[in-house]
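Here is a short tour of one protein model, written for someone who likes to know where things sit. Take a look at the sequence and the 3D view first, and then read on.

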Amino acid sequence: FYRQVTLTAIMLLELLSWVSFIFLALFATLCLAAGLLYLAELVEEYTVATKSILQKMVFAVIAITALLGMFSSIGMFPVTVVGVAAHFAYYALLHDFPWFNFGSIEFILASVLVLLHHWAVFHHFSSQWYPFDQVVAYFVICVWLVPFTLFISLSANENVLPTSLAPTAETPADNRGGPKRSGGLLGILTYCKAKLDDLLPRSGSKTF
C-alpha cells in the first residue's frame, strides 16, 4: 500500500511539473510579446535615436567578434570572418534607415550572410565543446542582437515619412494625420492584441 501511494505521489508531482512548465511558457510568451510591442512602438517614435544606437551596436559587436576570433579558440575563419562581414552588411542597411528596400543588393546580401553566419556558428559549436552559458552568450550578442533589432525596426518602415515631403492634395488620408496603419512586427502584435481583447470578457462600467 505504501509503495502504491508513493508511486501515485510521484506521478502527481510529474503532472504538476508539466502544468507548471506550461504556465511558465505562457507567461514568458506574454511577457515577450508585450516587450516586443513596446520596443516596436519606441522604434517608430524615435527613429533617429534608434539609427544611432544601431550604428554603435554594430561596431561594438564587430569589435567583440574580432577580439573573440583573435584571442579565443573560436578562430578567425569561418565564424569570425563571416560574422564581421554580416555586420558590415547590416550597417549598410542603416544608410536609409528606417526605410528598407527588400529588393536591394544590400538587403539580399544581408539576408544571405545572416543565414551563412548562423550555419558557421552552429557548425563550430557543434564540433567543439563549450559551456552552455558561453554558447548562449555568443549567440545572443554576436549573432542575434543586431538582426533581431533590425527585425523590430521593420515596423517603422511603413509608418515614418520623410520630413522634406509636405502634405499635398494628392497625399493619401493616412499621411495627413489620419489613422496610422502599423506594418511589420508592430502591426502583427497590435492585431494579436486586438483579437485577444475581443476574446477576453471585460467588466462592465460601474454606476453609482
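A helix here is a DSSP run of H or I with at least four residues, numbered from the N terminus. In this predicted model, Val-84 is found in helix 3, which covers residues 76-93.

The protein as a whole has six helices and zero strands, and along the sequence its pattern reads α-α-α-α-α-α. Of its 208 residues, 30% count as buried. The accessible surface comes to about 14600 Å², with 72% of that belonging to carbon and sulfur atoms. Among contacts with a separation of 6 or more, 76% are between residues 24 or more positions apart.

Two residues make a handy pair to look at:

| Residue | Relative accessible area | State |
|---|---|---|
| Val-84 | 17% | buried |
| Leu-30 | 53% | exposed |

Why does Val-84 count as buried? Its relative accessible area is 17%, and buried means under 20%. Leaving aside residues up to four places away in sequence, Val-84 touches Ile-62 and Thr-65. Thr-65 is 19 residues from Val-84 in sequence, and their C-alpha atoms are 7.0 Å apart in space.

Leu-30 lies in helix 1, residues 2-45. Leu-30 is exposed because its relative accessible area is 53%, and the cut-off for exposed is over 50%. Leu-30 also belongs to a nonpolar patch on the surface, whose members include Trp-18, Phe-21, Phe-23 and Phe-27. Together, the residues of this patch have about 1300 Å² of accessible area.

Terms used: Residues are numbered from 1 along each chain as its sequence is written. This is a predicted model: local features need pLDDT of at least 70, side-chain atom pairs count only at pLDDT 80 or more; totals for chains, interfaces and linings use all residues. Side-chain values use heavy atoms; hydrogens and water are left out. Patches are made of residues with over 30% relative accessible area and no salt bridge: like charges are joined within 9 Å, nonpolar side chains (Val, Leu, Ile, Met, Phe, Trp, Tyr) within 5 Å. Accessible areas come from the Shrake-Rupley method with a 1.4 Å probe; for residues, only the protein chains shown count as cover. A salt bridge is a side-chain nitrogen of Lys or Arg within 4 Å of a carboxyl oxygen of Asp or Glu. Helices (H or I, at least four residues) and strands (E, at least two) are DSSP runs, numbered from the N terminus. Buried means under 20% relative accessible area, exposed over 50%, partly exposed in between (1.4 Å probe, protein chains only). Contact means heavy atoms within 4.5 Å.
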